[in-house]
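Please keep the sequence and the model in view while reading.

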Amino acid sequence: MNYKMVFGFVVASLLSFSVNAEKVAVLGVQQALLASSAAADFRKSLKTEFAKDEKKVLNLEKQVKAARDKATKNKDLASADELKKMKIQFQKVFAEYQRSGQALQQKKMQREQAFIQEMRPRLDKVIRSLIEKEGYDLVVAKQATLFAKKELDITPRVVELLNKQ
């Protein structure tokens, strides 16, 4: 019962606020950041930076497949000792593949987080200036909306302003 009252109060508050809001906009913050030219440049530099590591992981993946195929093909022909050696070899290569892949993903995630932290102040500045310049009363996160007219979406405008910086 208590939750229903609180929910009703929140809905009523939001509805009364939206009635008073004269200029409303919808913004996809993450979409704006990812669509920026800085993000495109970052993706290119990330690809270049990790090309060697990605090549290593792909090579290890090929080795894993080759070791697995060798063990599968020779399981009926090889002795128990040879099968054990092939299994150990496969496990070593697979463990190295997993470790390298995880390390690469972790490095990429750290770089992506650093990029987001670097870009966040610029993005916030662009959003604040647009809100002030255009006089928006309410800006809602795109992900929080069920429906919004295309004219209300200021994401492309934010991308444009972010690219000009």
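Helices (H or I, at least four residues) and strands (E, at least two) are DSSP runs, numbered from the N terminus. Read in that order, the elements of the protein run α-β-α-α-α-α-β-α, which amounts to six helices and two strands.

This is a predicted model, in which local features need pLDDT of at least 70 and side-chain atom pairs count only at pLDDT 80 or more, while totals for chains, interfaces and linings use all residues. Residues are numbered from 1 along each chain as its sequence is written, and side-chain values use heavy atoms, with hydrogens and water left out. The term pLDDT stands for the predictor's confidence in each residue, from 0 to 100. Its mean over the protein is 87, and 87% of the residues reach 70 or more. Among the elements, the lowest mean, 51, belongs to helix α1 (residues 2-20), and the highest, 95, to helix α3 (residues 37-49).

Some totals come next. A residue is called buried under 20% relative accessible area, exposed over 50%, and partly exposed in between (1.4 Å probe, protein chains only). Of the 165 residues in the protein, 22% are buried. The protein exposes about 12,500 Å², and carbon and sulfur atoms supply 58% of that area; accessible areas come from the Shrake-Rupley method with a 1.4 Å probe, and for residues only the protein chains shown count as cover. Contact means heavy atoms within 4.5 Å. Among contacts between residues at least 6 apart in sequence, 86% join residues at least 24 apart.

The expected span of a helix is 1.5 Å times one less than its number of residues. For the 13 residues of α3 this gives 18 Å, and the end C-alpha atoms are 18 Å apart, which agrees. Which residues of α3 are buried? They are Ala38, Ala39, Phe42 and Leu46. These residues lie on the same side of α3 because they cover an arc of only 95° around the axis, the arc being that of the directions from the helix axis to the C-beta atoms. An α-helix has 3.6 residues a turn, so residues three or four places apart point the same way. On the other side of α3, Lys44, Lys47 and Thr48 are exposed. The buried residues of α3 pack against α2 (29-35), α5 (80-134) and α6 (155-164). Arg43, also in α3, is partly exposed, with a relative accessible area of 44%. Arg43 and Glu112 are 69 residues apart in sequence, yet their C-alpha atoms are 9.1 Å apart in space.

In α4, Val57, Leu60, Val64 and Ala67 are buried, and what covers them includes α5. Ser100, found in helix α5, is buried at a relative accessible area of 8%. Leaving aside neighbours within four places in sequence, Ser100 is in contact with Lys56, Val57 and Leu60.

In helix α6, the buried residues are Thr155, Val158, Val159, Leu161 and Leu162. Seen down the axis of α6, they fall within an arc of 170°, so they line one face of the helix. The face turned away from this buried side carries the exposed residues Pro156 and Lys164. The buried residues of α6 pack against β1, α2 and α5.

The last topic is the core. A nonpolar core is a set of buried Ala, Val, Leu, Ile, Met, Phe, Trp, Tyr and Cys residues joined through side-chain atoms within 4.5 Å. The largest one has 23 residues, of which Phe115, Met119, Leu123, Leu130, Ile154 and Val158 touch the most other members. The elements that give two or more residues to this core are β1 (24-27), α2, α3, α5 and α6; α5 gives the most, with seven. Not counting residues up to four places away in sequence, Val158 touches Leu27, Ala32, Leu123, Val126, Ile127 and Leu130. In soluble globular proteins, nonpolar side chains tend to be buried together.
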